[in-house]
Amino acid sequence: MMLYPELVMLGTIMMTMCNFPMMLCSELVMLGTIKMTIRHSRPNENELSNHEAEYETFYTAFAALAADYISSSASSLCKGQVGLVCQACRVLLQYLLSRLQAQSIGETVATTLSAKQLLQPVRALCCGEGMLPRADQISLTTTMKNAKLPAHIKTSTPGEKDAANKEAKRSRVDLSTSILEQMTTPLHDFVHPRATIPDTVETSAAKNAESNNLNTGTDSGQDTKNLFIQKNVSSLQALKAGDVLIDMCLNLPHLNRYIHKYKDAVAKKGFSLPSSHSEATLVRHSLQALVNDTSLTWSALSLPVLEPLTPDKLEKLCVLTMSCLYCAVSNATASSLLGISSAVSPKCTGTNPGNSSAKGVDDDGGSDNHAITVVEKALEIFTLVSGIIKSSTRTGGQELQNHLLMGSWVLITGLQTQLSASSFLPADKGKEEKGKSPSKMREGSSRINLMKVQQGFGVLSVALASRALTMMSALLDDLQVECASSDIYDVQGDPDMESEPAGLDILGHYSAQQRAAKFLGAAPLNQLLFYLATISYRKACTLKRIQKHPPEGDTFSTSDSTTYYEDDLMSCSDESSGDDDDDSEPILGLWFEETLAPPDNPPGNQGTQNNGESADGNKHSSDRTGSIVPEKGEPHGYILLASQIFQFMDKYLLSSESSFMMRYVQAGLAEQQMIILAAIIRDLDRETARTETGTISVYFGATLGSLYSEFSQALTRYTHNLLARSILNESLQGTLLNHLGVSPWSQENSTTWPLQVYPRTLAVLAQVLLLKPQQDKEAAIISIWHRLVSTLVANISNPPNIFELEHEDLNVEHAQLLLFLFHSLNLMQKKSVILLTAGGVICTANTVTSAMKDSQLLHLSRLVLLLDYLMKHLYDPPPALLEQVQWNLFSATSMVEDPGDAKDSGRGVASRIYCPWKEIEDNYRKFGPQDEFSMKPRFYSLTSAELNNQEFPKLDGLV
């Protein structure tokens with residue numbers, strides 16, 4: 001039992017105000033235990049609710065302390081006493097609610113308690129637990145001592161206190177009094193679940209004995225507590241506490257600002273978010289007040305007193321929830337803008353190290369924590385209200401889906417506005433544009449500077465984007481059900497039959513397609529998701545690099561804002577076209593070139609690195625376990641968001657059965673998305689091609705490696721379905737292959753072909769070619785072979801004058817795919833390829849008479865390997881080649897890999913299978929240059945080295 005110091009006066013006051021016959025209710029302690037009694041009539045309600053203003057402080061403190069103490073003693077009550085105690089609690093609840101209501105409507109009350117302090121005892125009575133911290137107990141007790149006492153309150157002397165204790169003690173042990181109490185007190189029903197197993201004789205006897213037991217002191221404390229809670233909740237519902245609490249939250253001063261902004265946004269007056277450094281700073285300065293308001297809102301709405309959910313109450317609740325989400329988006333935008341402003345030019349890094357003080361760092365850390373709390377509480381409030389609507393017997397699926405729609409609309413519109421505001425933020429804080437709203441800025445230009453946005457893109461935006469995906473998934477799941485089951489819903493390709501988008505009305509009756517049309521119209525979703533995916537992926541790569549290899553000197557800024565980039569380096573435009581290739585090519589090229597991870601540490605540092613990561617991981621998990629917002633400065637949350645985006649686009653955009661969705665997706669895909677997709681594919685290929693496991697380096701740990709594998713799977717599946725479902729037209733397919741560097745139809749480099757091409761790029765190339773008509777496919781394959789042989793011959797005869805290790809080489813996966821494509825040609829075309837390859841070997845004959853570089857030898861060996869295979873396998877491919885192509889291009893990129901099968905076959909740790917020259921490869925790795933960026937494997941064969949005298953290659957006459 002909780003002991004309250006210095007509460008003798010409170011016990012005396014409660015005894016004076018109550019006129020109950022002697023019956024134990026609860027205990028208050030000061031210099032000992034005071035046993036209170038409650039008589040058969042309730043506390044003097046008139047005294048509590050109608051008193052002079054000068055006694056307000058006393059009665060408010062008294063009500064808070066009494067409610068909290070009774071709650072802490074709920075489990076010690078007797079069953080027969082619960083009804084009388086709850087009658088007293090109802091009076092306290094009515095008084096506390098009246099004070100909350102008075103504060104919310106602006107009435108002047110002489111209480112010293114805040115809304116939070118008034119809400120705590122209400123929560124205590126609903127939970128059956130004391131809520132007041134000890135400091136608040138002491139403070140309220142002191143307040144009562146210093147307040148003016150009502151005239152009828154008399155404090156007891158020590159002698160009177162002892163007499164009351166003796167009387168209470170006699171009453172407790174007096175059996176006749178106990179019997180009289182039970183005979184005159186209503187019985188309350190305690191429902192227990194019916195046993196599913198028949199009772200035995202012993203259990204039946206025990207139950208009978210229990211039911212016949214008249215000693216209420218042996219009743220279950222938990223049953224008493226549950227009944228206590230149930231009756232208090234019923235009292236609150238009868239007092240319309242739900243309306244009072246919702247109105248209180250709607251009138252919270254700082255949250256009320258966002259309520260007005262949300263209503264303006266619904267009225268199509270624009271989505272008002274911070275758009276300058278000064279506006280972001282103002283939002284930052286109000287964070288503490290927003291934390292208080294959102295926390296109080298969560299506390300109020302978490303009470304189980306919102307039923308019955310009347311239409312009016314539901315509308316108010318929805319406005320409150322959306323305003324909290326609006327507040328979260330505003331804070332995320334402010335953090336993004338301040339992150340961009342804090343990113344400095346590399347030339348300026350470290351120029352004035354004394355400018356930042358420890359106090360400033362602490363202030364920033366406190367503000368970051370407050371911003372995280374606001375976002376977490378806002379998302380928790382949305383989840384809480386969604387659960388209330390879902391479980392209510394007075395609302396249906398329509399209201400829940402409308403609630404999800406409104407939340408999706410706020411987050412999608414907010415994130416789109418945030419990207420625009422971040423992109424247009426002036427680099428110089430002193431040159432901010434005056435009088436230009438974010439909406440006007442967005443209308444004036446459709447260009448988004450992704451490089452600039454990435455500087456400020458933080459964990460708050462990650463959490464909001466992740467939750468937006470969850471909401472949209474639920475809405476699109478409903479659309480799938482509607483498409484599959486409804487006879488009325490049928491828009492088979494006819495745009496005229498599509499209905500108007502849904503409204504932002506919680507009580508509206510809309511179809512799933514109308515809801516989808518509403519949030520899809522909030523922003524160009526294809527574009528927005530691609531932007532978020534590439535920003536998140538890029539941020540994860542940068543944080544991963546900085547985390548394990550902190551930069552030295554003035555090259556980088558190690559803040560969460562990463563490196564400063566010039567505004568024009570990274571921007572994608574909706575109006576991008578073929579004429580803009582010169583402008584668009586280096587846009588992501590330069591950006592993604594920076595994502596290459598640095599060399600792995602020497603082997604001797606592996607243990608230290610892993611141990612350090614384990615310690616960091618334990619600390620990370622202990623600090624923010626289960627948080628909605630990921631840890632700042634860690635790449636995990638960013639790469640996870642990128643995976644979720646591609647998974648969402650694959651499942652709900654590409655694989656949707658709705659013709660409405662398919663038309664939306666096809667209309668929304670543009671060249672800039674293909675540029676971004678190609679850049680991510682090429683970068684991930686480079687990232688994983690240097691390892692033997694097919695994922696990032698083991699130095700980054702198993703957890704991050706697993707997240708990158710998940711991202712690889714999501715990216716591969718999305719790209720595969722994008723092509724397999726024939727969503728891309730010829731132009732977009734050409735754009736994708738051009739930016740992957742493997743377009744057979746490219747006119748810019750009609751005689752050259754890249755040698756080092758990795759599995760994800762090869763998979764896209766193979767899929768595009770195999771989906772082409774037979775004639776176009778064969779022409780493209782022959783073109784690739786011509787370009788490949790020309791490139792090899794040129795590199796052998798006239799090697800480029802560059803550093804030896806920078807020479808491109810034909811990797812094994814590329815060679816395997818070329819041979820696989822060779823077998824899709826007809827016989828005459830195969831023979832032409834053999835003649836082409838043989839001619840290339842003949843052209844290089846004169847080169848071997850002089851000294852050759854390593855790169856020349858390697859390229860010549862690749863050409864001879866290809867010719868050797870073509871001569872031996874002109875007609876049919878060996879089974880090993882098909883198995884290698886399937887694994888290296890599909891399973892190794894996690895697209896169709898079954899973990900169980902991979903474990904059984906022993907391939908779960910291999911990123912590629914091929915015919916190795918193990919001894920040569922091992923010696924090269926052992927004695928050759930220790931270059932972590934070199935191609936793996938360096939030495940390989942295209943046919944099995946094992947000779948079988950029973951089988952001879954089928955050689956054609958031409959061969």
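The exercises below concern helices, the nonpolar core and ring contacts in a predicted model. In this model, local features need pLDDT of at least 70 and side-chain atom pairs pLDDT 80 or more, while totals for chains, interfaces and linings use all residues. Residues are numbered from 1 along each chain, and side-chain values use heavy atoms, without hydrogens and water.

**Exercise 1.** State what span helix α3 reaches and how many of its residues are buried.

*Solution.*
- Helices are DSSP runs of H or I with at least four residues, numbered from the N terminus.
- The expected span is 1.5 Å times one less than the number of residues.
- Helix α3 covers residues 56-72, 17 residues, and its first and last C-alpha lie 24 Å apart, close to the expected 24 Å.
- Buried means under 20% relative accessible area, exposed over 50%, and partly exposed in between, with a 1.4 Å probe and protein chains only.
- In α3, 17 of 17 residues are buried.

**Exercise 2.** Explain why α27 counts as largely enclosed by the rest of the structure.

*Solution.*
- Helix α27 (residues 671-689) has 19 residues and reaches 27 Å, close to the 27 Å expected.
- Of these 19 residues, 17 are buried, so α27 is largely enclosed by the rest of the structure.

**Exercise 3.** Describe the largest nonpolar core and the contacts of L669.

*Solution.*
- A nonpolar core is a set of buried Ala, Val, Leu, Ile, Met, Phe, Trp, Tyr and Cys residues joined through side-chain atoms within 4.5 Å.
- The largest one has 231 residues, and L669 and W785 are among those with the most contacts inside it.
- Helix α15 (residues 311-342) gives the most to this core, 16 residues.
- Contact means heavy atoms within 4.5 Å.
- Beyond neighbours within four places in sequence, L669 touches residues including N526, F530, Y718 and L732.

**Exercise 4.** Classify the ring pairs F58–Y59 and Y258–Y326.

*Solution.*
- Rings of Phe, Tyr and Trp (its six-membered ring) pair if their centres lie within 6.5 Å; planes under 30 degrees apart are stacked, over 60 edge-to-face, and the rest tilted.
- The structure holds twelve such pairs.
- F58 and Y59 have centres 5.4 Å apart and planes at 75 degrees, so this pair is edge-to-face.
- Y258 and Y326 lie 6.4 Å centre to centre with 50 degrees between planes, a tilted pair.
- Y258 is in helix α12 (residues 253-266) and Y326 in α15, so the pair ties together parts 68 residues apart in sequence.
- Both Y258 and Y326 are buried.

Technical notes
Helix = DSSP H or I, 4+ residues; strand = E, 2+ residues; numbered from the N terminus.
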